[in-house]
Amino acid sequence: MKRHVIIGNGTAAVGCIEGIRSVSAEDTITVISKEPHAVYSRPLISYYLEGKTDTERMRYRDADFYEKNAVDVRYGASAEHIDTEHGEIVLTDGSRIPYDDVCVAAGSSPFVPPMEGLETVEKRFGFMTLDDALSLEKVLTKESRVLIVGAGLIGLKCAEGIHGRVGSITVCDLADRVLSSILDSECAAIVQKHLEANGISFLLSDSVAKFDGNTATMKSGASVAFDVLVLAVGVRANIGLLKEIGGTVNRGIVVDTAMATSVPGVYAAGDCAEGYDASLGANRVLAILPNAYLQGRTAGVNMAGGETAFTNGIPMNSIGFFGLHIMSAGTYDGEMSEERGDGILKRFFVKDDRLTGYILIGETGRAGIYTALVRERTPLSEIDFEAAKKIAGSAVFSAEVRRKKFGGAV
Amino acid sequence: MKRVYVNEEWCLGCHLCEYNCAWANSGVRFMTDALKGRKIFPRIHVEGDSKITFAVSCRHCEDPLCVKSCIAGAIRKEDGVVRINRDKCVGCLTCVLVCPYGALAPAEDGIMQKCELCLSNSFGEPACVKGCPNHAIVYEERGGAE
């Protein structure tokens, strides 16, 4: 019987718990949860503000999840140090939890660049956690003028979420376009136009030079009056626990495909980890929910004595704003080709007979077929890729491949 | 367990499976009342090109990526069947992003729905298969884990 400790209580932790339990019913599991909540679906906080879900339905697992899986959750606890010499996790309150192996699933933290006068802003919020959303909700009124710093996934989902309950929304970003981490300029322009048509204003290639109470003076000289400030500039992986004991870290905690870190007995998974990206052929932080689960699960299976590797992780996103759906995957490396239609733009990136990535705007049906081409590095010469670009479907595969897909247990 | 399998060489492309699916999951007694004059949102769909047609529905995979990827924890596998809790789904389409079979599509309200083999509706077994005139889809045991 082994004693497993999981630092963190998000999606990667759930994957780890379910991974451990798929191998062993007897091993003990202790979860260190900084947040005072049972695991919930973090990306749903914007849908919560939009009224599309509630805290009960936001549960990522059933209320009896921990009990059923015999997990000891320490709510409100925080890990300060991994004492590898004694095999103990030291908590911030000084208490110790012995472990045989540990999974660091500590997520990421909002990155707030130094901004002059930030402390003079009374109503300022992050947008990462359920508690962030609940505190933001308390101050919003139909008259609120909201300034969101950051036009990435978090900032824009926040904008959509609060849109119906505030007076106005301005989003600023240092980047020259929205969603700069997943969209090129032309695709970003389409999305921006759609957001503007829904009443969101933008100040791009611009940043706040100074806050003075309820006024932001931009670098460009523009002045923005606001009542509520949301900071969604970006996040940084929580790598501290590994860094201070000499573990290999880069932007995230570096892990192999078994999710093992450079420190024996220590695994990492989720937004804090830097694992293998099959579309890049190298490690990078893949801070997306599916990846967190899959990495966590891989770590859990290996911790419990099973043997598995996560070799086909890729960046991918499905995100929608006011009815416009956008999907993207991979690295956008290689030659670009595109398909256009009314309100539709699909871009494909091909290198060495492989689809390295894609961006879809407005038409996303059966996109998983494209995602699988990226993830599995399918040689495009084996399929009718020209037909596939026009419409995602399985007719582009050979009859033999289809027989395997639809004629057998998969 | 039993699943829906495709014999594409026998598919006529008649789309009857789509109509039977939409009817079976409508909860309405008569087919005309359920479907006539309406755009249907079936959980199976016929694909193909000028040479071949075939019907695609959930494979109920051994290792379902949709279950592991759902950002709401709304999809789970129970007794071999991949099911969705529509009450939890927010319509983000991440399951569409990851399903390699292209087997998932949202319902009329934008919230996801999926083939659950008609095990929970009044048909009790896949209506698409029952109504297929040419055995182009069959419901049977072909091995593999649960």
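Author: Two strands pair if DSSP finds at least two bridges between them. Helices (H or I, at least four residues) and strands (E, at least two) are DSSP runs, numbered from the N terminus. The model is predicted, so to speak of local features requires pLDDT of at least 70, side-chain atom pairs count only at pLDDT 80 or more, and totals for chains, interfaces and linings use all residues. Residues are numbered from 1 along each chain as its sequence is written, while chains are lettered from A and ligands numbered from 1 in the order in which they are written.

Start with the open sheet of 3 strands in chain A. Its order is 18-20-21, and its pairing is mixed. Strand 18 (253–254) and strand 21 (282–284) of chain A are the edge strands, each pairing on one side only. The word "mixed" can be followed strand by strand. Strand 18 of chain A pairs with strand 20 of chain A in the parallel sense, over 2 bridges. There, A:Ile253 is opposite A:Ala273 of strand 20 of chain A. Strand 20 (residues 273–277) of chain A pairs with strand 21 of chain A in the antiparallel sense, over 3 bridges. Here A:Tyr276 has A:Asn283, in strand 21 of chain A, as its bridge partner. A:Asp277 is bridged to A:Ala282, also in strand 21 of chain A.

Strand 20 and strand 21 of chain A form a hairpin, with 4 residues between them. In the turn, A:Gly281 has a positive phi of about 75 degrees. Strand 20 of chain A is also mostly covered, since 4 of its 5 residues are buried (20 or more other C-beta atoms, placed from the backbone, lie within 10 Å of the residue's own; exposed means 12 or fewer, and partly exposed is in between).

Strand 7 (residues 101–104) of chain A is covered on both faces. A:Asp101 and A:Cys103 are buried on one side, and A:Val102 and A:Val104 are buried on the other. Strand 7 of chain A runs parallel to strand 1 (residues 3–7) of chain A, and 4 bridges join them. It also runs parallel to strand 19 (residues 266–268) of chain A, to which 3 bridges join it.

Strand 24 of chain A is joined by 7 bridges to strand 25 (residues 344–351) of chain A, and the two run antiparallel. In this pairing, A:Met336 is opposite A:Phe349 of strand 25 of chain A.

A:Cys187, A:Ala188, A:Val191, A:Gln192 and A:Leu195 are the buried residues listed for helix 6 of chain A. Seen down the axis of helix 6 of chain A, its buried residues fall within an arc of 135 degrees, so they line one face of the helix (the arc is that of the directions from the helix axis to the C-beta atoms). On the other side of helix 6 of chain A, A:Lys193, A:Glu196 and A:Ala197 are exposed. The cover over the buried residues of helix 6 of chain A includes helix 5 (153–162), strand 12 (200–204), strand 22, strand 23, strand 25 and strand 26 of chain A (two residues are in contact if their C-beta atoms, placed from the backbone, lie within 7 Å). Just after helix 6 of chain A comes A:Gly199, with a positive phi of about 90 degrees.
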